[in-house]
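Dear colleague,

Please find below the structure that I am handing over to you, together with its sequence. A summary of the findings follows it.

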Amino acid sequence: MALTPEIKAKLEKITTATLTTVLLKKGLRNVWLRGAAPFTPAAKGKRMVGTAFTLRFVPAREDLATPESWSSPISTRAAIEAMPEGVIVVADAMGIKDAGIFGDILCARLAKRGVTALVTDGAVRDVAGVNGTGLPVWCAGGAAPPSVAGLTFVAWQQPIACGGVAVFPDDIIVVDDDGAVLIPANLLEKIVDDCVEQERLEAWIMVQVEAGHALPGLYPANAENKARYEADKAAGRA
């Protein structure tokens, strides 16, 4: 299913924590991208939603991972020019943290292209400059060496493994202060309304906790508390 403006607006109000809970109920346990934490000022305190545009790196090989490769038709530079506006770039850097996959110039071009965010299990370089681009970045940290010191770029818009999660082009990515979560594109329609309802229920439970109610039977809600919740919802109190 496509990420419509209406669905995107709903997801922008859903925490990644709620998403992982709802996806767990659907049988999906491995959806949180390990190592992708909010890194730049533009990422912290924000929630963003977009379709995944994937980048794939493999281990560095000396005959391929060279500065000259940056001018190749198969390069991060070429991939950036193929990115449509609004995507979230998801880069499989195999968790390597001692080589920066992108620096300030490439991140500035991502921002100019209208990319929503960059998510990777690897690192970025030129951290001060990257911060200055205003591009929201979720990553595993900063590193001075260039990508070719540890990685070879090989493809874009292919299935990847980022942070131990299988990411396919056009899957949905949601990022916030808890990190990055993947929603399989074919499950999007099935979970959105469940997520909205879960957030509503948990907001009601929080009100009950602040009012002094004990957790057993409340979280998770038993039949009695579910009935109270439904009554408050019908009355516009939840």
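At 34% relative accessibility, Arg109 counts as partly exposed (buried means under 20% relative accessible area, exposed over 50%, and partly exposed in between, with a 1.4 Å probe and protein chains only). Please note that this is a predicted model, in which local features need pLDDT of at least 70 and side-chain atom pairs count only at pLDDT 80 or more, while totals for chains, interfaces and linings use all residues. Residues are numbered from 1 along each chain as its sequence is written, and side-chain values use heavy atoms, with hydrogens and water left out.

Arg109 forms a salt bridge with Glu81, with the closest N and O atoms 2.8 Å apart; a salt bridge is a side-chain nitrogen of Lys or Arg within 4 Å of a carboxyl oxygen of Asp or Glu. This pair links distant parts of the chain, since Glu81 belongs to helix α3 (residues 76–81) and Arg109 to helix α4 (residues 104–112), 28 residues apart. Helices (H or I, at least four residues) and strands (E, at least two) are DSSP runs, numbered from the N terminus. Glu81 is itself partly exposed, at a relative accessible area of 40%. Together with Arg113, Glu81 and Arg109 are linked in a network of salt bridges.

The structure holds 9 salt bridges. Another of them joins the side chains of Lys10 and Asp193 at 3.0 Å, N to O. Here too distant parts of the chain are linked: Lys10 sits in helix α1 (residues 5–11) and Asp193 in helix α6, 183 residues apart. Lys10 is partly exposed at 36% relative accessibility, and Asp193 is partly exposed at 47%.

Helix α6 also takes part in a helix packing. Helix α6 (residues 188–210) and helix α7 (residues 223–234) pack at an angle of about 105°, with their axes 11 Å apart. Axes are lines fitted to C-alpha atoms, for helices over the stretch in contact, and angles run from 0 to 180 degrees between N-to-C directions. The two helices α6 and α7 are therefore roughly perpendicular to each other (65 to 115 degrees; under 35 counts as roughly parallel, over 145 as roughly antiparallel and the rest as oblique). The contact (heavy atoms within 4.5 Å) is made by Glu197, Arg200, Leu201, Trp204 and Gln208 of α6 and by Asn225, Arg228, Tyr229, Asp232 and Lys233 of α7. Glu197 and Lys233 meet through their side chains in a salt bridge (3.2 Å, N to O). Glu197 lies in α6 and Lys233 in α7, so the pair ties together parts that are 36 residues apart in sequence. Glu197 is partly exposed, with a relative accessible area of 27%.

I turn next to the strands. Strand β5 (residues 117–120) points Ala117 and Val119 one way and Leu118 and Thr120 the other, and all are buried. Strand β3 (residues 88–92) runs parallel to β5 and is joined to β5 by 4 bridges; two strands pair if DSSP finds at least two bridges between them. In this pairing Val89 stands opposite Leu118. Strand β7 (residues 137–139) is likewise parallel to β5, with 2 bridges, and Trp138 of β7 stands opposite Val119.

As to the whole, the protein has 7 helices and 12 strands. Its C-alpha atoms fill a box of roughly 65 × 35 × 30 Å along the principal axes. Of its 238 residues, 44% count as buried.

With kind regards
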